[in-house]
Amino acid sequence: DADSPALVIGAMLIAPLMAPVMGVAASLSMALFRRALRSLIIVAVATGVAVLLGYLVASLLPNGPLPGEVLARTRPDFRDLIVGLAAGGAGAYATVRSDMSSSLPGVAVAVALVPPLCVVGYTLEAGQPSLARGAFLLYAANLAAIVFAGVVVFVITGLIPQRRLARMTPRVILGTALAAAVLVVMAIPLGRASASAFADARIYQQTYDQVDEWVGERSLEISEIEIDGNRVSVQLRGTDLAPFTEELRPRLLAIIGPNVEVDVRSVQTNEAEREEVEIIVPEPTDEETFALDVADLVDRWLLSTGNLDLEVTELSVTLKEVRGVIEGPGQPPNIADLEALIFNELHANLDVLTMELIATVPLLPVVEDVVTPEELFEAQVREVAFGWASATADSNNPIVVVAVELTTEGVIVDVTGPRTPTIDELDAELRALFTPPEEAVLIIRYVPRRVLDTTPPTTLPPPTTLPPPTTLPPPTTTPTATTLPAG
């Protein structure tokens with residue numbers, strides 16, 4: 001509330017969300033989706049706690065105008081997304097490099113995850129939901145940018161072992177695509193905000209140029225120009241009288257529109273006697289005040305749903321009619337509640353109250369089925385076993401792989417044929433699938449048969465007809481080990 005940049009920097013340095021956010025990025029880069037989900041839940045809980053603390057602290061402070069440091073975080077644009085990408089990449093690189101741990105505080109300052117969340121709570125307590133949405137958009141944009149940049153940096157810097165990256169490439173690509181999709185979704189409203197800001201800046205500059213030409217050579221200084229919709233307020237100061245306002249309005253028609261309203265306040269200064277004569281602009285009309293009050297009530301009405309994605313894109317208000325357009329996913333609250341709110345707060349009976357809903361559906365990334373590491377490993381084992389049998393068998397000794405079974409203790413391959421085959425080659429090929437190969441536990445069991453079907457089966461029946469392992473002859477060259485690595 002003191003509007004102190006030092007306090008804001010202190011909140012940035014705390015940055016308790018950096019660790020779980022980097023956890024989300026690291027988990028996605030290694031295709032550990034369950035761990036990514038757990039880290040994301042931690043981030044969501046921490047986000048809610050930060051907003052709640054901001055709300056509670058704001059409720060203890062005296063009421064007053066919102067500080068500049070608060071307002072500065074309620075109007076994000078595309079530049080904030082670029083800053084988030086750069087900061088996320090720096091944070092991920094500092095995480096990978098142990099010798100750069102001292103740079104993490106600086107990264108936390110650049111990312112600034114905590115201040116936007118505090119602003120969300122502050123503005124909600126102040127009854128400014130539209131400003132709270134802007135602050136939360138800034139936080140969400142920073143979060144999406146950090147996660148995406150972190151995933152990319154972790155993959156590039158080799159955080160994932162090369163062997164795992166080769167086996168898990170489709171899942172790693174999927175994790176990166178999910179992070180990129182969220183980033184694109186966040187970039188859309190920021191791009192619109194940037195376009196709107198550029199348009200406002202262009203309109204302001206054109207308006208300033210026209211006001212400057214209208215003042216001409218008079219000894220007047222343009223103190224301030226404010227543009228609010230179709231209303232242009234101009235403040236002048238100097239020793240000369242201001243020109244007629246009617247001469248300024250035609251200059252602004254092409255810039256603001258045909259319904260432009262021009263208010264001019266001129267402070268005339270007598271340099272000899274140091275006297276000031278102030279021309280006061282008339283107070284807003286009842287209809288203008290009523291329109292502003294109705295706009296605030298409509299925001300409160302929409303906020304009662306808890307759906308922050310609904311927003312009023314058009315609102316036309318007179319003393320007897322209110323017409324508006326609402327865009328976003330979901331349904332707005334009952335319009336009868338809005339009518340009752342206007343009647344109770346403003347004591348107004350409306351002849352017309354309409355709110356048109358333009359429903360939108362957010363685009364979600366399509367997630368395809370992904371083969372698990374266990375399924376992929378089992379397929380590799382089967383391919384090796386059947387390939388060995390096909391290469392080893394001949395007309396005198398047709399070898400058939402009856403079953404391939406993956407257990408918690410190891411890999412069991414059951415083969416059958418007229419004569420005992422040489423299994424050294426099969427043992428070597430299977431061990432090549434493991435890292436390190438010495439830790440593989442392989443059991444190759446041979447069952448003699450007189451008559452065999454030399455066509456490999458398309459489906460593998462369970463080895464229900466095999467005798468218990470204790471009755472089988474021991475494997476010819478079966479090595480043993482103690483552990484089996486996961487998938």
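**Notebook: a helix and some salt bridges**

I began with helix α2 (residues 18-29), which has 12 residues and spans 17 Å from its first C-alpha to its last, close to the 16 Å expected at 1.5 Å a residue. The expected span is 1.5 Å times one less than the number of residues. Helices (H or I, at least four residues) and strands (E, at least two) are DSSP runs, numbered from the N terminus.

I noted that this is a predicted model: local features need pLDDT of at least 70, side-chain atom pairs count only at pLDDT 80 or more, and totals for chains, interfaces and linings use all residues. Residues are numbered from 1 along each chain as its sequence is written, and side-chain values use heavy atoms, with hydrogens and water left out.

I checked cover next. In α2, 10 of the 12 residues are buried, including M18, P20 and L28. Buried means under 20% relative accessible area, exposed over 50%, partly exposed in between (1.4 Å probe, protein chains only). After α2 comes A31, with a positive phi near 60°.

Then I looked up salt bridges (a side-chain nitrogen of Lys or Arg within 4 Å of a carboxyl oxygen of Asp or Glu). How many does the structure hold? I found 9.

One joins R231 and D263, at 2.4 Å from N to O. R231 lies in strand β2 (residues 231-238) and D263 in strand β3 (residues 261-270), so the pair ties together parts 32 residues apart in sequence. D263 is buried, at 19% relative accessible area. A salt-bridge network links R231, E261, D263 and E288.

Another pairs R300 with E345, the closest N and O atoms being 3.6 Å apart. R300 sits in helix α12 (residues 286-303) and E345 in helix α13 (residues 335-346).
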